[in-house]
Amino acid sequence: MLLLALSAACGSRLPESDFEHDDRTPPPRDSAPLRVGIIASATSPVGGSAFTGPRDGAKAWFDRLNARGGIDGRRVEVRLCDDGGSGVGNNECVHQLVEEDEVVALVATTVLDYAGASRVSGARVPDIGGQPIGSAYDTYPHLYGIYGSLAPRDGTTGWDGKQYGSTEVYRYFKREHGARTAAVVSYNQSASAAYARLVERGLRAEGYRVVTEQVDFALPNFRAVAADLKEQGADLVFDAIDGHGNARLCQAMDEVGADVTAKVTNVQNWTSTVPEAYRDSPRCRNALWATGSSRNHQDTGHPAVREFRDATKGLKTHSQWQLEGWAAARWFTDAAKSCARTGITRACVDAYMNRSEGYTAGGLLLPVEFKRLAEPPKTTRTCLSVARWQDGKGWVGQGDMNRTCFDVPQLAYEP
């Protein structure tokens, strides 16, 4: 940058002939690798592979990007850190990546306890496309969750400590399938319980009769839950639990004969491992539905999904979280490319992210935006992506995610 500044300052003193035949060697372009960090709870109490999908998707993007020359001729060097699913481990990862490795950004953060979030924000390091498992992405500036945020993000969670969620998923099943009774299954763990409370409130706001079921995180009794679901005559089952827990719940539902219209799971469990994970529960398996804010990872008719699948064909499994990690890495790349002329710095990348409005990662995401609204909106126009599992076909998309939209209320809940 100093050489360029000096050239501009002295340019008016050169004769015109020097501009017509300039044989001078241009200043060398910065070729040092761009260092990014990925924190994942690769080992955690939830299980070894529960939080690695976004990491694997992001790595696949960067591998392909580097094979094609990187960003402005610079290779992206990915530094990985496993925080073990603990707050102490997370702070250690943040220290290593942000302060020691001096990464330009964090990408696709997926952790059980984001204890180091305030340190990331304090260092003004953009955290791009992280999974909002906790409340950090609705609390701190410089953190940009994969689904966006309308909260002030001034250090206080949401608005006055409350977060907000909408009811489009429940409106969808009520309208499309006539569901009236819904059960919500969660762990007695803070993030799981908080999400479950939001689901319960949303269902009630949409007129459902709600059955709540909570199981012990360490010793869950899924058979008792399944028996109660059958007794209560639930049309739908929603969950705030991990993939392993879902598989055990489904097995228990088949064993007791609890048939439902839809066993609705979250984006974390939208994976290709369904035949193996649910091999002992064929009825429940074929009642699995997933909803989210990203395009079905099996929708290879879309060019952006096709590119993702081609680059990840070496992976043993595929998942929606992998696709979202890929989208997060693409987001960083777009930000970095916008900064190539002036310098790819934390500040420049952060400024790009802060301006993000309607970002889709080439059609992989529903339009994402970050707006610091002083007051929470009462209603929003919200769209969703929906898929259901069918043996022999896998995850089958249900309509266009950009057109499956509803005007729905925003409901407060405490994380």
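**Disulfides and Burial in the Predicted Model**

Trainee: Cys-81 and Cys-93 are said to form a disulfide, with their sulfur atoms 2.1 Å apart. What makes this pair a disulfide?

Mentor: This is a predicted model, and the assignment rests on distance. A pair of cysteine sulfur atoms must lie within 2.5 Å. The sulfur atoms of Cys-81 and Cys-93 are 2.1 Å apart, and the pair therefore meets the cut-off. The angle about the S-S bond is -85°, and the link is left-handed. The two cysteines sit in distant parts of the chain, 12 residues apart: Cys-81 belongs to strand β2 (residues 76-82) and Cys-93 to helix α4 (residues 87-100).

Trainee: Why is Cys-81 called buried?

Mentor: The relative accessible area of Cys-81 is 18%, and buried means under 20%. Cys-81 therefore falls under the cut-off. Cys-93, at 1% relative accessibility, counts as buried because it is under that cut-off too.

Trainee: How do you know that Cys-250 and Cys-284 form a disulfide?

Mentor: Their sulfur atoms are 1.8 Å apart, and the rule asks for a pair within 2.5 Å. The pair therefore qualifies. With -50° about the S-S bond, the link of Cys-250 and Cys-284 is left-handed. Distant parts of the chain are joined here, 34 residues apart, with Cys-250 in helix α9 (residues 243-256) and Cys-284 in helix α11 (residues 282-285). Both Cys-250 and Cys-284 are buried.

Trainee: What is the handedness of the link between Cys-383 and Cys-405, and which parts does it tie together?

Mentor: The sulfur atoms of Cys-383 and Cys-405 are 2.0 Å apart, and the pair is therefore a disulfide under the 2.5 Å rule. The link is right-handed, with 95° about the S-S bond. Cys-383 lies in strand β14 (residues 379-383) and Cys-405 in strand β17 (residues 405-413), so the bond ties together parts that are 22 residues apart in sequence. Cys-405 has a relative accessible area of 12% and is buried.

Trainee: How many disulfides does the rule give, and what is the pairing of the bonded cysteines?

Mentor: The count is four disulfides. With the bonded cysteines numbered in sequence order, the pairing is 1-2, 3-4, 5-6, 7-8.

Trainee: How do you know that the radius of gyration agrees with a compact globule?

Mentor: For 415 residues, the globule rule gives a value near 22 Å; the protein has 23 Å, which agrees. The C-alpha trace spans about 90 × 45 × 40 Å along its principal axes. The protein has 14 helices and 17 strands.

Trainee: What share of the residues counts as buried, and what share of the contacts is between residues 24 or more positions apart?

Mentor: Of the 415 residues, 51% count as buried. Among contacts with a separation of 6 or more, 69% come from residues 24 or more positions apart. The accessible surface comes to about 18600 Å², and carbon and sulfur atoms hold 47% of that area.

Trainee: Which residues of helix α6 are buried?

Mentor: In helix α6 (residues 168-177), the buried residues are Glu-168, Val-169, Tyr-170, Tyr-172 and Phe-173.

Key:
Residues numbered from 1 in each chain as written. Predicted model: local features only at pLDDT ≥ 70, side-chain atom pairs only at ≥ 80, totals over all residues. Heavy atoms only, no water. Helix = DSSP H or I, 4+ residues; strand = E, 2+ residues; numbered from the N terminus. Rg over C-alpha atoms; globule rule 2.2 N^0.38 Å. Buried < 20%, exposed > 50% of the residue type's maximum accessible area, 1.4 Å probe, protein only. Contact = heavy atoms within 4.5 Å. Areas by Shrake-Rupley, 256 points an atom, 1.4 Å probe, with all protein chains shown as cover.
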